[in-house]
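Let's take a walk through this structure together, one piece at a time.

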Amino acid sequence: MAENVTDKLIIADEEISSRLWLGSAMYSSPEVMLDCLKSVEPGFVTVSLRRQTAHQVADNGYWSYLQDWLQQSNTKILPNTSGCFTASEAIRLAVMARELFSTEWIKLEVIGDEYTLQPHTLELVDAAKELVTQGFKVLPYSTDDLVVCEALVDAGCPAVMPWGAPIGTGKGLLNPYQLSTLRKRLPDTPLIIDAGLGRPSQAMAAMELGFDAVLLNTAVAKSPDPKAMAESFDAGVKGGRQAYRAGVMEERQTASPSTSIAGMPFWRQEAIK
Amino acid sequence: MPKTITVNGLTRELPEHENLLKLINDDLGYAAQDNGISFVVAINAEIRSVHQWKNTALHDGDCVDILGAITGG
């Protein structure tokens, strides 16, 4: 497990300041986005890059706000390769992201299906191998397939980010059994739930399973009160982590009374008669 | 002889000896911001860092991409 006695989250030899990671997209204004980020100081904030005109570059309020704030916070920037459908596209975009954002961190996304936005796991592994070779700290957005996640770890990814559910659905953890299996089979790999979380309780459930962090965007950005929702997710993540460390009880198939039955008066008196 | 290139997917004609620096700064109007360069440039998918712009010649058929930061999830 990527933790020590003080429960720090360490990935690729760097301390990540929070187990809640947020996207920067879809906020109603740069100010709203910044309010959310300031209120929870996420471990990472994700960004991306696209073709832009000179005017768009010069008048980029969101990026300008983010840049200024990142300089004074513990939050790290995490560029993504969103929109890429092949390993070669993702590699090219990652290289450009490293140049633009001056970071080795990359959230590697290679999409295989436009309808579900399911990762293309074969291209993903190929891209991860190459980017690790080029010195990137690759955080791959993956399915919850154990063999794929193991291949990503073998490729040199310092953490793996399986989906809870398809991006933007808010459906939560669709396959808790598989996610638990990942946790058990990859005990030393930081695991981050990326995508599909809609409620703080779902983030808490992920943390209770032993996941190391969660990454989400839509659920906060599209909330009527994004700052309050960010804070709710933060509380859920912290609560879930604390519960995992405290030791969540095993489920049982049969009921078991909490209160002792020893010394119970009138215990089955009618039966004795 | 003028050459034809594409910039962010749009076709553009350039004078024969125009280099990347002139294209970026003078023709297209990209400029460094107070907090540094906020965009990245690639020719035919190969990055050209700022210090390379002046000595980077453009050739007929080149594909120039100029990317800036956007929000993302």
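**A helix, a sheet and what packs around them**

Start with helix H5 of chain A, which lies across strands E6 and E9 of chain A and runs at about 175° to E9(A). Keep in mind that what you're looking at is a predicted model.

The strands under discussion belong to an open sheet of 3 strands in chain A, in the order E6-E9-E10, and the pairing is parallel. E6 (residues 105–108) and E10 of chain A are the edge strands, each pairing on one side only. Between E6(A) and E9(A) there are 4 bridges in the parallel sense. One spot to look for is A:Leu108, whose bridge partner in E9(A) is A:Pro140.

Stay with A:Leu108 for a moment. Together with A:Val214, A:Leu108 has the most contacts inside the largest nonpolar core, a set of 91 residues. Helix H4 (residues 87–101) of chain A gives the largest share of this core, 9 residues. As a background note, nonpolar side chains in soluble globular proteins tend to be buried together. What does A:Leu108 contact, leaving aside its neighbours within four places in sequence? The list includes A:Ala90 and A:Ala94, A:Leu124, A:Ala127, A:Ala128 and A:Leu131, and also A:Val138, A:Leu139 and A:Tyr141.

Now slide along to A:Lys137, found in strand E9 of chain A. Is A:Lys137 buried or exposed? It's buried, because 20 other C-beta atoms lie within 10 Å, and 20 is enough to count as buried. Not counting residues up to four places away in sequence, A:Lys137 touches A:Ala12, A:Glu104, A:Trp105 and A:Pro158. A:Lys107 is 30 residues apart from A:Lys137 in sequence, with 8.6 Å between their C-alpha atoms.

Next up is helix H6 (residues 146–154) of chain A, where the buried residues are A:Cys149, A:Ala151 and A:Leu152. They sit on the same side of H6(A), because they cover an arc of only 160° around the axis. Over on the other side of H6(A), you'll find A:Val147 and A:Asp154 exposed. So what do the buried residues of H6(A) pack against? Their partners in chain A are helix H5 (121–133), strand E9 (137–142), strand E10 (161–162) and helix H7 (176–185). After H6(A) comes A:Gly156, with a positive phi near 110°.

A:Asp7, in the segment before strand E1 (9–11) of chain A, has a phi near 60°, a positive value in a residue other than glycine. A:Asp7 is exposed, because it has 11 other C-beta atoms within 10 Å. A:Leu117 has a positive phi too, near 55°, and lies in the loop between strands E7 (111–113) and E8 (118–119) of chain A. With 17 other C-beta atoms within 10 Å, A:Leu117 is partly exposed.

Finally, see where the chains meet: 22 residues of chain B are in contact with 25 residues of chain A. On the chain B side, strands E3 (39–43) and E5 (63–71) are the elements that give two or more residues, and the largest share, 7 residues, comes from E5(B). By class, that side has 11 nonpolar, 10 polar and 1 charged residues. E5(B) also pairs with strand E4 (residues 44–51) of chain A, in the antiparallel sense over 5 bridges. To find that pairing, look for A:Arg50, whose bridge partner in E5(B) is B:Gly68.

Definitions and conventions: Residues are numbered from 1 along each chain as its sequence is written. Chains are lettered from A and ligands numbered from 1 in the order in which they are written. This is a predicted model: local features need pLDDT of at least 70, side-chain atom pairs count only at pLDDT 80 or more; totals for chains, interfaces and linings use all residues. A residue is buried if 20 or more other C-beta atoms lie within 10 Å of its own, exposed if 12 or fewer, and partly exposed in between; C-beta atoms are placed from the backbone. The arc is that of the directions from the helix axis to the C-beta atoms. Two residues are in contact if their C-beta atoms, placed from the backbone, lie within 7 Å. A nonpolar core is a set of buried Ala, Val, Leu, Ile, Met, Phe, Trp, Tyr and Cys residues joined through C-beta atoms within 7 Å. Two strands pair if DSSP finds at least two bridges between them. Axes are lines fitted to C-alpha atoms, for helices over the stretch in contact, and angles run from 0 to 180 degrees between N-to-C directions. Ala, Val, Leu, Ile, Met, Phe, Trp, Tyr, Cys and Pro count as nonpolar, Asp, Glu, Lys and Arg as charged, and the others, Gly among them, as polar.
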